[in-house]
Amino acid sequence: MKTIILVFHPDLAHSRVNKTLVNALGQEFEVRDMYQLYPDFKIDVATEKRYLESADRIVLQFPMYWYSSPALLKQWLDDVLEFGWAYGVGGDALKQKELLIAVSPGADNYRREGFAKYTVTELLRPFQATSRLIQMKYLKPFITVGASSIGEQELLAQAQKYKDYLSTVELTLLDDFE
Ligand SMILES: Cc1cc2nc3c(=O)[nH]c(=O)nc-3n(C[C@H](O)[C@H](O)[C@H](O)COP(=O)(O)O)c2cc1C
């Protein structure tokens, strides 16, 4: 199984959480720092498609920004998921591949009774709906809550869990309304 990890962090070098997660992965995974590749947001669509076609599992890793993702990920989706390739007539390029969202919300209140009110998986529904449209298998997201305040030991343990999760061949799909 080939897994690629596309990291959308505007400044990965100065990130604490996402950098630690990436560093734990080691050489066996292909990690692409998307903001470093596309600082001007001009995405090389043909190259991106080739990477996606070559993978069985595609991981989109990012810090939560405004209950969503950093802007480059949205641009990347807009540009790369073309009609006739990702969806629509003849658009089967990603069919049956796995999609995994790995997100780090800074806060830790994603519960009905918490200030954020909604769970993280609820906030990620646009990705889940997109996955459905492009016929991918939407895996249970890997969520690092409380990223703004997570302690060092907990972060290192979470990074190890990330590596273990990505190394697991049979991962569970997320139900439509889970
Ligand atoms: C522009 C911006 C928007 C953010 N929006 C949210 C948000 O909506 N919810 C949240 O929990 N954290 C939010 N955060 C906090 C980040 O998610 C948090 O700092 C990040 O996950 C930490 O990871 P890092 O060390 O890799 O940067 C935001 C941070 C920035 C800079």
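Start with the cartoon: the protein chain has 7 helices and 6 strands (DSSP runs numbered from the N terminus, with H or I over at least four residues for helices and E over at least two for strands). This is a predicted model, where local features need pLDDT of at least 70 and side-chain atom pairs count only at 80 or more, while totals for chains, interfaces and linings use all residues. Residues are numbered from 1 along each chain as its sequence is written, and side-chain values use heavy atoms, leaving out hydrogens and water.

**Select the ligand.** There are 17 residues around the ligand, and His9, Ser15, Met64, Ser104 and Tyr110 come nearest (a residue counts with a heavy atom within 4 Å). By class, the shell holds 10 nonpolar, 6 polar and 1 charged (Ala, Val, Leu, Ile, Met, Phe, Trp, Tyr, Cys and Pro are nonpolar, Asp, Glu, Lys and Arg charged, the others, Gly among them, polar).

Now show polar contacts (N or O pairs within 3.5 Å). A polar side-chain atom of His9 sits 2.7 Å from a ligand oxygen. Polar backbone atoms take part too: one of Met64 is 2.7 Å from an oxygen of the ligand, and one of Tyr67 is 2.8 Å from a ligand oxygen. Alone, the ligand exposes 640 Å², and the protein buries 72% of that (Shrake-Rupley, 1.4 Å probe).

**Next, the largest pocket.** Select Arg125, Gln128, Ala129, Ser131, Arg132, Met136, Lys137, Tyr138, Leu173, Leu174 and Asp176 to see the lining. Helix 6 (125-133) and strand 5 (137-138) each give two or more residues, with the largest share, 5 residues, from helix 6. The lining divides into 5 nonpolar, 2 polar and 4 charged residues, and the space is about 220 Å³.

On a 1 Å grid over the protein atoms alone, a pocket is an open set with protein on both sides within 12 Å along at least five of seven lines, a cavity is where a 1.4 Å probe fits but cannot get out, and lining residues have an atom within 4 Å of a point.

**Last stop, the cavity.** The largest cavity has a volume of about 90 Å³. Its lining has 11 nonpolar, 1 polar and no charged residues, including Leu52, Trp76, Phe127 and Thr130.

Conventions: Grid points are joined across faces, edges and corners, and a volume is the space filled by probe spheres set on the points. A polar contact is a pair of N or O atoms within 3.5 Å; within protein, one must be able to donate a hydrogen and the other to accept it, and residues adjacent in sequence count only if both atoms are side-chain atoms.
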